[in-house]
Amino acid sequence: MMARKPKHPEHRVEADRLMKDFLDLTVQIWTAEEEPELKTVAEETELSPEKIRKLLITAGERDKKIYYESQLAVKILSLYHQGKNTKQIQEVTGLSYTSIQGYLPHSKIIYSLDTLSTEAEWIRLYRARRKLFFCITTLACQINPNSCGGRS
């Protein structure tokens, strides 16, 4: 029996691209901070700290790097890489299913294009705000170089 032909095969390509952009932007915001904190980045991006953590863990798995690190995250990812399932990780850690899922990378990309369009809009808004901030900062430095710590 053959699988049904996808109705919109272009959605998969678009979803992959948007997820990559979303992960890249999350990492960019996180790594731009000198001492990043989930709460601060979450407030800036208007996402929950849990969502930021999961995106950083997902990006770390993709890039083979560690962007977010805590004792609990390291323990859960270590068990996950040993092949333990969520139930087994629950038994070892004593955490709920939902808590454990928050420390595991996304197993699939975000697949709903409606959801992605909201996230894509968030990315566009963040880039616009970042560009506006840069313009205002540059202008302020030109008007009053002392307010920029000598930068112009």
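How many aromatic pairs does the structure hold? The structure holds 1 aromatic pair; rings of Phe, Tyr and Trp (its six-membered ring) pair if their centres lie within 6.5 Å, with planes under 30 degrees apart counted as stacked, over 60 as edge-to-face and the rest as tilted.

1. Basis. This is a predicted model, in which local features need pLDDT of at least 70, side-chain atom pairs count only at pLDDT 80 or more, and totals for chains, interfaces and linings use all residues. Residues are numbered from 1 along each chain as its sequence is written, and side-chain values use heavy atoms, with hydrogens and water left out.

2. Fold elements. The chain has 7 helices and 0 strands. From the N terminus on, the order is α-α-α-α-α-α-α. Helices (H or I, at least four residues) and strands (E, at least two) are DSSP runs, numbered from the N terminus.

3. Surface and contacts. The chain exposes about 10800 Å², and carbon and sulfur atoms supply 55% of it. Accessible areas come from the Shrake-Rupley method with a 1.4 Å probe; for residues, only the protein chains shown count as cover. Of the 152 residues, 30% are buried. Buried means under 20% relative accessible area, exposed over 50%, partly exposed in between (1.4 Å probe, protein chains only). Among contacts (heavy atoms within 4.5 Å) between residues at least 6 apart in sequence, 58% join residues at least 24 apart.

4. Core. The largest nonpolar core has 28 residues, of which W30, I52, L56 and Y68 touch the most other members. Two or more residues come from each of α1 (9-32), α2 (38-45), α3 (49-63), α4 (71-81) and α7 (113-143). The largest share, 7 residues, is from α1. Such a core is a set of buried Ala, Val, Leu, Ile, Met, Phe, Trp, Tyr and Cys residues joined through side-chain atoms within 4.5 Å. In soluble globular proteins, nonpolar side chains tend to be buried together.

5. L56 and T26. Not counting residues up to four places away in sequence, L56 touches T26, V27, W30, L38, Y67 and Y68. T26 belongs to helix α1. T26 counts as buried because its relative accessibility is 2%. With the four places on either side left out, T26 touches I52, L55 and L56.

6. L47. Which loop holds L47? L47 lies in the loop between α2 and α3. L47 counts as partly exposed because its relative accessibility is 22%. Apart from neighbours within four places in sequence, L47 is in contact with F22, A42, I52, L55 and W122. L47 and W122 are 75 residues apart along the chain, and their C-alpha atoms are separated by 9.6 Å.

7. Ends of α5. At the start of helix α5 (residues 86-93), a side-chain oxygen of N85 reaches to within 3.1 Å of the backbone nitrogen of K87. After α5 comes G94, with a positive phi near 80°.

8. T86. Helix α5 includes T86. Why does T86 count as buried? T86 counts as buried because its relative accessibility is 16%. The side chains of T86 and Q101 are joined by a polar contact of 3.1 Å. A polar contact is a pair of N or O atoms within 3.5 Å; within protein, one must be able to donate a hydrogen and the other to accept it, and residues adjacent in sequence count only if both atoms are side-chain atoms. Beyond its neighbours within four places in sequence, T86 is in contact with Y97, I100, Q101 and L104.

9. Charge and ring. The charged end of R53 sits over the ring of Y103, 3.9 Å from its centre. The criterion is NZ of Lys or CZ of Arg within 6 Å of the ring centre and within 35 degrees of the ring normal.
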